[in-house]
Amino acid sequence: MVLADDDVLLREGLASLLERSGVEIVGQAGEASELLALVRERQPEFVIIDIRMPPTHTTEGLDAARVIRAEFPRTGILLLSAHVEVEQAMELLATGHRVGYLLKSRVTDVADFLDTIEQISQGGSIVDPGLVQELIAARHRNDPLEHLTRREHEVLALMAEGRSNAGIAHRLWITEGTVEKHVRSILSRMQLPEEGDDHRRVRAVLTFLEAR
């Protein structure tokens with residue numbers, strides 16, 4: 001196993017904990033470039049990586065993890081972070097195998113931590129509950145359809161079927177003028193950029209389909 005974290009005390013502490021539990025540590029790194037060099041040289045079965053590493057402390061560790069996944073797809077990867085990195089981590093987590101994400105604050109129970117490593121090594125995917133909660137909250141905050149009424153949902157669904165205002169009016173037993181009012185309200189509530197109504201209708205339909 002290779003450990004990568006610029007926090008020397010945390011890294012050494014993890015190394016000591018793992019070695020006492022019978023895990024062989026073949027290298028440690030404090031920077032992403034050092035991590036990649038170690039992995040390419042030692043080709044470990046597992047790596048534990050801090051998402052934020054020097055020099056900018058943004059996504060260097062995560063970027064290195066993506067490279068490792070591309071070059072060594074069978075290497076288990078556990079991402080650690082003191083922060084919930086929702087969007088950044090999604091691409092790697094979406095691979096769905098031999099990958100995990102834990103908040104550092106959760107690494108308190110040795111048995112649970114070792115179990116997480118074992119599950120990932122066996123091909124599993126472990127996601128910190130804090131990340132799941134944040135993803136659900138983010139989805140709720142960013143739901144473009146959240147503020148539509150039930151009738152507006154119905155109108156938008158029929159728009160997605162390619163129906164004209166007249167066709168929607170006939171289907172819902174309302175006037176064409178009422179449909180036009182609903183469409184204007186939909187475009188306004190979805191906060192689509194100001195441009196031609198035809199383009200806004202297309203954007204609304206695409207957004208509806210993506211949100212399903």
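**Entry 1: strand β3**

I began with pairing, and found that β3 and strand β4 (residues 76-81) run parallel and share five bridges. I took strands as DSSP runs of E of at least two residues and helices as runs of H or I of at least four, numbered from the N terminus; two strands pair if DSSP finds at least two bridges between them. The model is predicted, so I used local features only at pLDDT of at least 70 and side-chain atom pairs only at pLDDT 80 or more, while totals for chains, interfaces and linings use all residues. Numbering starts from 1 along each chain as its sequence is written, and side-chain values use heavy atoms, with hydrogens and water left out.

I then looked up strand β1 (residues 2-4), which pairs with β3 in the parallel sense over three bridges. There Val2 stands opposite Val47.

I checked burial next (buried is under 20% relative accessible area, exposed over 50%, partly exposed in between; 1.4 Å probe, protein chains only). Strand β3 (residues 46-50) has five of its five residues buried, so the rest of the structure largely encloses it. Phe46, Ile48 and Asp50 point one way from β3, and Val47 and Ile49 point the other way. In a regular strand, side chains alternate between the two faces of the sheet.

**Entry 2: salt bridges**

I counted a salt bridge where a side-chain nitrogen of Lys or Arg is within 4 Å of a carboxyl oxygen of Asp or Glu. The count came to eight.

I looked up Lys104 and Asp5, which form one of them with the closest N and O atoms 3.0 Å apart. Lys104 lies in the loop between β5 (99-103) and α5, and Asp5 in the loop between β1 and α1 (8-20), so the pair ties together parts 99 residues apart in sequence. Lys104 is partly exposed at 23% relative accessible area, whereas Asp5 is buried at 4%. I also noted that Asp5, Asp50 and Lys104 are linked in a network of salt bridges.

Glu71 and Arg40 form another salt bridge, with closest N and O atoms 2.8 Å apart. Glu71 is in helix α3 (residues 60-71) and Arg40 in helix α2 (residues 32-42), so this pair ties together parts 31 residues apart in sequence. I found Glu71 partly exposed at 39% and Arg40 partly exposed at 40%.

I recorded Arg42 and Glu41 as a salt bridge at 3.6 Å, N to O. Arg42 is partly exposed at 42%, and Glu41 is exposed at 58%.
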